[in-house]
Amino acid sequence: MDDPYEFTIVKYGTRHGHRAEVYLNYHLHGEPDGPIDMDYFVWLARNAERTVLFDTGFSEQGGANRNRSFVARIADIYAALGIDMQAEHTLVVTHAHYDHIGNLAAFPNARIVIAQAELDFWLSQMGTRRQFRWSTEPEEIDALRAALDEGRVTAFSGRYEVAPGIELLEVGGHTPGQAIALIDTAEGRVLLASDAVHYYEELEDDMPFAFVADLPKMYAGFDRIHELLAGGVEHLVCGHDPDTLNRFTPVQDGPLAGIAATIGSPGKDT
């Protein structure tokens with residue numbers, strides 16, 4: 001059996017917004033509007049046998065086009081993690097929005113894993129319609145298409161074992177093929193929700209995010225995540241909640257101090 005993974009969360013960007021622009025039909029919840037921040041993360045799981053990357057953040061252009069701010073450059077983050085971006089990594093794309101595939105072309109030899117429904121949608125004409133294309137950059141979709149043409153893409157439906165101890169589940173909702181991940185660590189199983197759940201309160205208060213491809217599937221995704229948490233998953237990692245790093249073991253030394261946290265660090269157990 002493989003060793004459990006260390007799961008690392010790194011914040012690379014942030015923005016300031018308002019609750020009414022973040023949650024779908026926020027007025028229906030009967031709460032006043034107010035400010036809300038959104039943080040942006042990349043993630044990785046690694047043990048002695050392998051490293052698996054999850055998403056690649058937004059690009060310089062993608063961030064500038066939407067007035068997003070970097071707190072650390074993506075290339076610097078991966079350098080600090082000891083990741084050679086030119087190497088043959090396994091790279092999970094949880095979904096193909098600009099802030100999750102913005103640096104895909106910087107991993108020219110990565111083996112990409114993505115839900116088939118996600119791949120089909122964003123490579124179709126429907127993905128270019130105005131309400132969808134705001135969340136993408138054409139060059140980044142082209143990078144995904146190029147990886148497919150080069151034979152570097154593995155597409156799945158339903159469930160997929162990336163490696164022993166790492167499983168993907170397709171839930172849809174936010175995007176047609178939104179995926180979540182389950183990762184075994186020495187501190188218990190981690191559920192990386194990515195944008196199936198942007199904020200912890202989103203799940204707790206049943207408040208769908210404003211950008212949604214299929215609302216019933218988004219609600220069903222909430223239900224499935226609740227079931228997984230009730231069934232023994234110990235740690236929920238949301239896609240954009242500024243409180244995320246506060247919930248886990250902070251990285252206190254080196255270039256990632258203050259912007260990263262880990263679950264299942266070597267030497268720790270349940």
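Reader: Why is Arg-19 called buried?

Author: Happy to explain: Arg-19 has a relative accessible area of 14%, and buried means under 20%, with exposed over 50% and partly exposed in between (1.4 Å probe, protein chains only), so Arg-19 counts as buried. Bear in mind that this is a predicted model, where local features need pLDDT of at least 70, side-chain atom pairs count only at pLDDT 80 or more, and totals for chains, interfaces and linings use all residues. Residues are numbered from 1 along each chain as its sequence is written, and side-chain values use heavy atoms, leaving out hydrogens and water.

Reader: What makes Arg-73 and Glu-60 a salt bridge?

Author: Their closest N and O atoms are 2.9 Å apart, and a salt bridge is a side-chain nitrogen of Lys or Arg within 4 Å of a carboxyl oxygen of Asp or Glu, so the pair qualifies.

Reader: Why is Arg-73 called partly exposed?

Author: Its relative accessible area is 38%, so Arg-73 falls in the partly exposed class.

Reader: Which class does Asp-39 belong to, buried or exposed?

Author: Asp-39 is buried, at 4% relative accessibility.
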